[in-house]
Amino acid sequence: SRKPMRVLITGAAGQIGYAIVAMAANGDMLGQDQPVILHLLDIEPAKQALQGVKMELMDAAYPLLVDVVATTDLQEACAGVEVAVMVGGFPRKAGMERKDVMAKNVSIYAQQARALEAHASRDVKILVIANPANTNALMLKEHAPSIPAENITALTRLDHNRALAQIAARAGTHVSNVRNVIIWGNHSSTQFPDVAHGTVDGRPIREVLRGEEDAAWLDGEFVETVQQRGAAVIKARGLSSAMSAASSACDHIHDWFNGTAPGKWVSMGVYGDGSYGQPAGLIYSYPVTCQHGKWKIVQGLEIDSHCAAKLKASADELLEERELALACISE
Ligand code: NAX
């Protein structure tokens, strides 16, 4: 059988951590034929809870789970990992300035970048989930110059899946029949969920949903629903999205390693090269296809002026976040 892969999950004692460890141990992340060794990292105050998660992973007797390393030691956590899922971070608390939260996360991601660079596998693939996800990923990249930029990504697959689900519900079909929506930009409310190139059962979304009401819904309520879905879940559950974030993170990694089906693309926050006129050097969400463990930005899509303005607005927000983050480093 295959050699087990070492998967780091930071913030493993938290909400998303609790959901994603089960999915990773169950083969949802790397496939049903891929044994895993889970490396769980959290910080000192969560040490006991982290041991509890390890106990439950043992008790669940997952056939694919070879071993669990549960630790608060960053170096031990990073040792030999081929996949790193960065869930841990500093959350924004009531009354805190955006800049203060940014400063905390910049210092966390700088430290974790250095540890990954020194101790992880040479070809470690990294997914940042903790917010501000795109900018945390960029700071990780800045502090780990020996890790290829293409190995550092941020999660917008949850937004992508939310968009697919909204379209499916409106069209009265199963979500698996909807394809090729796009989340452009930042994982924030400036993201642009774009249906112009998407399909339902192989037909353009705007042809399937073409009545006046449907068209208005696509241009208005749909976009806002996807942009604000995180807040809506918090309102309903009293807690932020966790199971859907974990599941979408597994989709992201699964497709990255195993490839996307022919004709299908997904959204990933990746290190931009200037595609679609957006500034290079940001972690920006683009439509991508994956093959042989590498992602590639889908090229040549037509962008109308409305869409172009939305793409730029999200890039502007990311430029501002980058500036704030860089100011935190130099302070
Ligand atoms: P929780 O607060 O439940 O868990 C976070 C865990 O990280 C805690 O156990 C904490 O002790 C740990 N932690 C803090 N600093 C750490 C460090 N330096 N090293 C290791 N662990 C550390 O949050 P949860 O609901 O699990 O959300 C985690 C992150 O995901 C948040 O930043 C959240 O904003 C972000 N999200 C991102 C999403 C995305 O689509 N990109 C969607 C879901 C989620 O909101």
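How do helices α6 and α11 lie to each other: roughly parallel or roughly perpendicular? Keep that in mind as you open the model, which is a predicted one.

**Stop 1: α6 and α11**

Select residues 157-171 for helix α6 and residues 243-258 for helix α11. Their axes come within 8 Å and cross at roughly 105 degrees. Angles from 65 to 115 degrees count as roughly perpendicular. So α6 and α11 are roughly perpendicular to each other. Now show the side chains where they meet. On α6, pick Arg157, Leu158 and Asn161. On α11, pick Ser244, Ala245, Ser248, Asp251 and His252. Colour this contact by class: you get 2 nonpolar, 4 polar and 2 charged residues.

**Stop 2: α5 and α12**

Next, select helix α5, residues 133-142, and helix α12, residues 305-330. The two axes come within 10 Å. They cross at roughly 50 degrees, which makes α5 oblique to α12. The crossing of α5 past α12 is right-handed. On the α5 side, click Asn134, Thr135, Leu138 and Met139. On the α12 side, click Leu318, Glu321, Arg322 and Ala325. This contact holds 4 nonpolar, 2 polar and 2 charged residues.

**Stop 3: α4 and α12**

The crossing of α4 and α12 is right-handed. Which residues of α4 make the contact? They are Lys99, Met102, Ala103 and Val106. Their partners in α12 are Leu324, Ala325, Cys328 and Ile329. Colour by class again. The contact of α4 with α12 has 7 nonpolar residues, no polar ones and 1 charged one. Notice Ala325: this residue of α12 takes part in the contact with α5 and in the contact with α4.

**Stop 4: the ligand**

Now centre the view on the ligand. How many residues are around the ligand? There are 29. The ones that come nearest are Gly11, Gly14, Ile16, Gly88 and Asn131. Select residues 15-25 to see helix α1. Helix α1 gives the most to this shell, with 3 residues. By class, the shell has 16 nonpolar, 12 polar and 1 charged residue.

**Stop 5**

Zoom in on the peptide bond from Asn131 to Pro132. That bond is cis, with omega near -5 degrees. Most peptide bonds are trans. Pro132 sits in the loop between β5 (125-128) and α5.

Then jump to Asn180. Where does Asn180 lie? Look in the loop between β7 (178-179) and β8 (182-184). Asn180 is not a glycine, yet its phi is positive, at about 60 degrees. Most residues other than glycine have a negative phi.

**Stop 6: the annotated spans**

Finish by colouring two long selections. First, select residues 5-152. An unreviewed UniProt entry annotates this span as "domain: Lactate/malate dehydrogenase N-terminal". Residues 5-152 are 41% helix and 19% strand. The end C-alpha atoms of this span lie 18 Å apart.

Second, select residues 156-326. UniProt lists this span, again in an unreviewed entry, as "domain: Lactate/malate dehydrogenase C-terminal". Residues 156-326 are 47% helix and 18% strand. The end C-alpha atoms here lie 23 Å apart.

Notes: Residues are numbered from 1 along each chain as its sequence is written. This is a predicted model: local features need pLDDT of at least 70, side-chain atom pairs count only at pLDDT 80 or more; totals for chains, interfaces and linings use all residues. A residue is near a molecule or strand if its C-beta atom, placed from the backbone, lies within 6 Å of it. Helices (H or I, at least four residues) and strands (E, at least two) are DSSP runs, numbered from the N terminus. Ala, Val, Leu, Ile, Met, Phe, Trp, Tyr, Cys and Pro count as nonpolar, Asp, Glu, Lys and Arg as charged, and the others, Gly among them, as polar. UniProt positions are given in the numbering used here, feature names are shortened, and annotations may be inferred rather than shown by experiment. Axes are lines fitted to C-alpha atoms, for helices over the stretch in contact, and angles run from 0 to 180 degrees between N-to-C directions. Angles under 35 degrees count as roughly parallel, over 145 as roughly antiparallel, 65 to 115 as roughly perpendicular and the rest as oblique. A crossing is left-handed if the near helix is turned anticlockwise from the far one by less than a right angle, and right-handed if clockwise. Two residues are in contact if their C-beta atoms, placed from the backbone, lie within 7 Å.
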